[in-house]
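Hi everyone, thanks for coming.

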Amino acid sequence: MYQAIILGSLLFITLYILKRKREPELTMPPLVSYKFPIIGHTFDFFLNPEKFLKQCREEYGDIFCLYIWGQVRVFVGKEHFGEVYSRDDVFDVLKAFNKRFPIDVLCPDLLKVLPVAPKTLKDTIFSKLKLYSDRMQKRVYLSTQKHFGDCDESKIFYNLFEIVTKIISDPIANIIIGEEESQHEEVLNSFANFIIDSMIFLTIPPFLDIIYPGLQEYVNRIQIRLGLYNPADKHRKPLLKHIEKQVRKRLQEKEKYGDSWKRPDDHLQDLMEEHDPNNISCPYLLDRIYLIIFASIHTTAIAITNVILSLASRPEYMQELYEEQLKVHKETNVNGIIPFEALSDMKKLDSFIRETLRLSVNVAGIDHLVKKDYTFSNGLQIPKNCITSIYIDDVYRDEPKSFEPFRHLDINVASKVTKNFLTFGNGKHTCPGRQLAVNNIKFFMHNVILKYNFRTFYAPENFCKAQIIA
């Protein structure tokens, strides 16, 4: 028994050494020194990443390596981050994301459509934002009223993100699956709770990778495959039922009424028309819809939560924003609806949103998986399969850290991408849904600024609470 273990260990070590000898020597970026084996820089990075990364940048330069959660990770600063975004043949953001969030086992069919997803979304949703404007406003207003209420007496929300996720799921469901099916509570629950339940994969640090690199990803995938935990499964059945019902109904009505049939304006109908009417796979449509659910609801809910907290913690700007929104409302409102064009008149709100997004991003992030060995323009090299992270704080270094809500008035487009604003990505892979997200944020904030007051306070039990008052 012991002999077999010893022989096996020797064989493993021999194979490892031979493999290392075959690997070409690379001029790697400098590895920041650390005191503790196995742990490496993990504690320093997570306890105070802003201070720690600034020290690393000053001492080791624009590109350096840290040993975090059992793996060496490359950090790229402002001088070379453009190479990461421009070389999509080398740096893959989706594969890096998939290592943390196993979307390929949660929704396998998504991998088939991801290459064409940006163009499809642009043609079927983002080009129709004006068409969807009235419906989105109505649903945002009704959903906000449902979850916030009149607030005749002040209310305290302990998990604002969860509430906002449920609110924003309503207008998104309306333009994705249609007005009829989005009226059902179980549909809205599926849209919202899939995101809430899935957050565990993104919020729990990869502790198991300290034992062996990649172990956390393996455990995540195993529990999904074995059915121990799959946030998609429990929401899949009710949502699939409504999709099947709507597909069947639309095909029957189109056949019955012919040219006089009134075509529904929603993403589901756009997806149906990509296929032969006799060969429509509802599970496939569902996976396509899941892509929109995660890409739109998750990011928009986080952004709205941050904007609310920014305003609640800075009440001195409430009056100025209120006056702007009241002016827009009085000049353009018709039966509770403001025209799509009125969004461009919300200049101060737009700037406030952009400033919030600028300062609410992580110090470092937007991970990319390296698909092949790569040499940066400064001669430093990184190997295949390593993870690169953008040192976002370094990209923003020329911008002051202070919150100045109206610094972006000359831009007047919160979704605009610039070289030092990476909230929506950069280059050819800039988020295609950024305008949808910002429009949703504006519609939401327009309503709540006119109706509510916000403030935050720190409770004795160390929970940050948001208090909303009508």
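Let's begin with E162 and K166, which both sit in helix α10 (residues 160-177), 4 residues apart, about one turn of the helix. Helices here are DSSP runs of H or I with at least four residues, strands are E runs of at least two, and both are numbered from the N terminus. The side chains of E162 and K166 meet in a salt bridge at 3.7 Å, N to O; that term means a side-chain nitrogen of Lys or Arg within 4 Å of a carboxyl oxygen of Asp or Glu.

A quick word on the source: this is a predicted model, where local features need pLDDT of at least 70 and side-chain atom pairs count only at pLDDT 80 or more, while totals for chains, interfaces and linings use all residues. Residues are numbered from 1 along each chain as its sequence is written, and side-chain values use heavy atoms, leaving out hydrogens and water.

Now, which residue forms a salt bridge with D394? R57 does, with the closest N and O atoms 3.0 Å apart. This pair links distant parts of the chain, 337 residues apart: D394 is in helix α19 (residues 392-395) and R57 in helix α3 (residues 49-60). D394 is buried at 3% relative accessibility, and R57 is buried too, at 13%. Buried means under 20% relative accessible area, exposed over 50%, and partly exposed in between, with a 1.4 Å probe and protein chains only.

By comparison, E162 is partly exposed at 28%, and K166 is partly exposed at 27%.
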